Amino acid sequence: MTKTSFPRKDIKVLLLEGVSQTAVESFRKAGYTNIEYHEKSLPEAELAKAVSEAHMVGVRSRSYLTADVLNNARRLMAVGCFCIGTNQVDLDTAAINGIPVFNAPYSNTRSVAELVIAESVLLVRRIPEKNMACHRGDWLKSSEGSYELRGKTLGIIGYGHIGTQVGVLAEAMGMHVLYYDIEPKLAMGNAHPADSLGDLLSVSDIVTLHVPQTEQTKWMIGAAELRRMKRGAMLINASRGTVVEIDPLAEALKSGHLSGAAVDVFPKEPKGKDEAFVSALVGLDNVILTPHIGGSTQEAQHNIGLEVSAKLIRYSDNGSTLSSVNFPEVMLPEHPGSSRLLHIHQNRPGVLKQVNDLFAQSDVNVNAQYLRTRGKVGYVVIDVQASETQARELKDKLSAIDGTLKTRLLY
Ligand code: NAI
């Protein structure tokens, strides 16, 4: 196993907010045994102190790693967000302190896809209305307006990680699948790309949205798009709350133009349990409302634990920053037989010259060099043929270069 300039057993890993035990197991297996684990987030002052003593920190959405917290965390090497969002971390401050931040954007793909299929079945059978009626003591025993999914057309808007999985599952249910994406996408199974968004809307029995939140997707489904949908069609949104305009959707559902909807994400969502959920969709029997839980399953948490801990361990063991959300991305091979020097620096003229001059003047052989920059930060990785003493000397000299943010040695 590669040695790290700072021994693994002394690298302190702080895990907050009850991240999955799969993460703890992964760290232990990789030799990182100095783990502090908390079930909940920590109060502000305690958080700042704990982070300042850690080398790697794992958070979910409730631990705010602000500029103050990060600026005081001199030892901090990397941050893992055991979730999708990274708004809780000041990403720019982390970057200029030489701290890459990782997350798990795709670990809950399957969870969302399964929910969409389940909701499709419920909507075409008109289960939401029948369920509400039973709760009120009514008995809507009728097959009118109830259908099978088999043979119906599903229109998928956004054919990425989730959209493609939804398409595969929908085909297994016997549906015809159409998709619309702004990027050219290879069809899975027998799915077909639609010529335009309008075409997809006008022929689909169910339309499901799986696009990211961007300027282009903001309110992409409003009154005009809803009018283009087939009479009696259904809409599912488990993507982002800014994609669908809620008032026109409520109108389309009340007027009977749409026969049902399932909505998991909203333009305004309560921040916690104490805040009430308010929406024009509340009280409509033909709507399934869920509190942004499309990706919230035990399996997703388990996978997130594995994915984020793997990224942190890989960065610590090997230096790779692939898929970091704030840092120059470098994908590094293993380096048997050579020592690896990692140099994170301010991205400005002159720093790399000093790094290269240092190696030009030394008598060690450089086996490989990798450089990436992003914004204010540069990251150069140099594999050298050197004894441990030579490598340590080089690390000290690299640390002394003006503009250096962080230096590490793996050998
Ligand atoms: P992804 O990045 O893999 O796929 C998104 C796709 O949308 C890409 O193929 C992209 O080219 C396409 N796209 C972007 N702009 C478009 C536009 N204007 N029109 C048509 N297509 C467009 O993302 P992934 O993982 O499939 O996630 C999709 C959405 O689901 C994201 O917004 C994500 O935040 C959300 N999500 C929601 C969850 C929940 O709990 N409800 C859980 C997980 C993800």
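The legends below describe close-up views of a predicted model.

**View 1. The shell of residues around the ligand.**
In this predicted model, 27 residues surround the ligand, and the closest of them are His-161, Ile-162, Asp-181, Val-211 and Asp-264. Sorted by class, the shell around the ligand is made up of 12 nonpolar, 10 polar and five charged residues.

The side chain of Arg-240 has an N or O atom that lies 3.5 Å from an oxygen atom of the ligand.

**View 2. An open sheet of seven strands.**
Seven strands, in the order E8-E7-E6-E9-E10-E11-E12, form an open sheet in which the pairing is parallel. Its edge strands are E8 (192-193) and E12 (287-289), each of which pairs on one side only. Leu-178 has His-192, in E8, as its bridge partner.

**View 3. Helix H11 and the residue that follows it.**
Helix H11 covers residues 298-318, and because each residue should account for 1.5 Å, its 21 residues should span 30 Å, which agrees with the 30 Å between its end C-alpha atoms. The buried residues of H11 include Ala-300, Ile-304, Gly-305, Val-308 and Ser-309, and also, towards the end of the numbering, Tyr-315, Ser-316, Asp-317 and Asn-318. After H11 comes Gly-319, whose phi is positive, near 95°.

**View 4. Strand E13 and two antiparallel partners.**
Strand E13 (residues 339-346) is mostly covered, with seven of its eight residues buried. Eight bridges link E13 to strand E15 (residues 377-385), and these two strands run antiparallel; in this pairing, Leu-341 has Ile-382 of E15 as its bridge partner. E13 also pairs in the antiparallel sense with strand E16 (residues 404-410), over six bridges, and here the bridge partner of His-345 is Thr-404 in E16.

Note on methods
Residues numbered from 1 in each chain as written. Predicted model: local features only at pLDDT ≥ 70, side-chain atom pairs only at ≥ 80, totals over all residues. Heavy atoms only, no water. Helix = DSSP H or I, 4+ residues; strand = E, 2+ residues; numbered from the N terminus. Expected span 1.5 Å × (residues − 1). Buried < 20%, exposed > 50% of the residue type's maximum accessible area, 1.4 Å probe, protein only. Near = heavy atom within 4 Å. Polar contact = N/O pair within 3.5 Å; in protein donor to acceptor, adjacent residues only side chain to side chain. Nonpolar A, V, L, I, M, F, W, Y, C, P; charged D, E, K, R; others polar. Pairing = 2+ DSSP bridges.
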